[in-house]
Amino acid sequence: MTDSVEYHARDDNFRLAYHKVIGDGPTVVWLGGFHSDMTGTKAQVLADQAQATGGGFVRFDYFGHGASDGDFAEGTISRWREDALSVIDDLTTGPLVLVGSSMGGWIACLAAIARPERVKAMVLIAPAPDFTEKLMEPELSAEAKTAIARDGFWTRPSDYEDGGYPITRELLEDGARWSILQGAVPIDVPVRVLQGGADPDVPWTHALELANSLTSSDVVFTLIKDGDHRLSRPQDLERLVAAVAEARSRVATEGEGDLVSRRLARAARLRGAPNLEALAPAPWASAEEE
């Protein structure tokens, strides 16, 4: 197993920084939030858990984030979606569990829609789909809107970065092109949502709207009434680790069921059985019961 910083070169030669834990079973892919990086508490806890349990785990920084190349001001939802798909396509194999935090929840949904054959489960933390249009733009002051119209950007003050960071016209316009909360969201895998009731950035009603829009029937929405946006307290991290472990277990169990089906089908072909459907395993069958 390794967890050292590596770099993945996109086709345009911009590099994405990433950490990878090589392990067995479904690979967990961490998708971080807007203007965050892969060194945060939640991502590190999941990396530690992967190393402790022998599971596969990948975390990375989007273009213009953290240790990756690029200017944050030039980033868009389109670009960050492409980053996620590039990591999925080039750095992982087999079934995936996507874990998305805040904006990463939106990116995770876009990736799951684009790669339904790979994404088998999701864990979303304070997911913020359509946040540029539904959460960010309505909160912009008249001064900010004037600056964006005049200059193409507005510098948003930040407690974590001297001088703040830019919100661009391109980000807002591009984000609107990727809206998913206009109807049913075509994701049909198990989804677990962890949402703070005291989240000042993503209202719990917004996350619940996503949960209700997913076409999957296997969706569990957990409201942590006193939880904030970060959900990085010890008790929150325990919930996250448990949710990811459950998701990995469900995907692994599904894979075992598929293996049983393939083996039974192969045995039926060898016997020349005329009715393969009659040999399908019972829903509760396990590999040990084959």
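This is a predicted model: local features need pLDDT of at least 70, side-chain atom pairs count only at pLDDT 80 or more; totals for chains, interfaces and linings use all residues.
Neighbours within four places in sequence aside, R192 is in contact with M122, V123, L124, D218, V219, V220, A243, E246 and R250. The residue belongs to strand 9, which spans residues 191-196. The contact with the side chain of D218 is 3.0 Å. The contact with the side chain of E246 is 3.1 Å.

M122, V123 and L124, among the contacts of R192, fall within the range of strand 6, residues 119-125. Strand 6 is mostly covered, with six of its seven residues buried. Strand 5 (residues 96-101) runs parallel to strand 6, and six bridges join the two. Within this pair, L98 stands opposite M122 of strand 6.

Strand 1 (residues 5-9) and strand 2 (residues 15-21) are antiparallel and pair over five bridges. V5 stands opposite H19 in strand 2. The hairpin formed by strand 1 and strand 2 has five residues between the strands. In this hairpin, N13 takes a positive phi near 75 degrees.

Q51 is placed in helix 1. Its relative accessible area is 31%. Buried residues lie under 20% and exposed residues over 50%, so Q51 is partly exposed. Q51 and V21 are separated by 30 residues in sequence. In space, their C-alpha atoms are 6.7 Å apart.

Across the protein there are eight helices and ten strands. Of its 290 residues, 46% count as buried. Among contacts with a separation of 6 or more, 70% are between residues 24 or more positions apart.

Rolling a probe the size of a water molecule over the atoms shows where empty space is left. The largest pocket has a volume of about 1300 Å³. Its lining comprises 38 residues, and those closest to the pocket centre are F34, S102, Y165, D201 and H229. Helix 1 (41-53), helix 4 (131-136) and strand 7 (153-156) are the elements that give two or more residues to this lining. Helix 4 gives the most, with four residues. By class, the lining of the largest pocket holds 17 nonpolar, twelve polar and nine charged residues.

The second largest pocket has a volume of about 160 Å³. V28, L46, Q49, A50, T53, G55, G56, F57, V244, A245, R248 and S249 form its lining. At least two lining residues come from each of helix 1, strand 4 (55-60) and helix 8 (234-271). The lining of the second largest pocket divides into six nonpolar residues, five polar and one charged. Helix 1 contributes to the linings of both the largest pocket and the second largest pocket.

Notes:
Residues are numbered from 1 along each chain as its sequence is written. Side-chain values use heavy atoms; hydrogens and water are left out. On a 1 Å grid over the protein atoms alone, a cavity is a set of points where a 1.4 Å probe fits but cannot get out, and a pocket is an open set with protein on both sides within 12 Å along at least five of seven lines; lining residues have an atom within 4 Å of a point. Grid points are joined across faces, edges and corners, and a volume is the space filled by probe spheres set on the points. Ala, Val, Leu, Ile, Met, Phe, Trp, Tyr, Cys and Pro count as nonpolar, Asp, Glu, Lys and Arg as charged, and the others, Gly among them, as polar. A polar contact is a pair of N or O atoms within 3.5 Å; within protein, one must be able to donate a hydrogen and the other to accept it, and residues adjacent in sequence count only if both atoms are side-chain atoms. Contact means heavy atoms within 4.5 Å. Two strands pair if DSSP finds at least two bridges between them. Buried means under 20% relative accessible area, exposed over 50%, partly exposed in between (1.4 Å probe, protein chains only).
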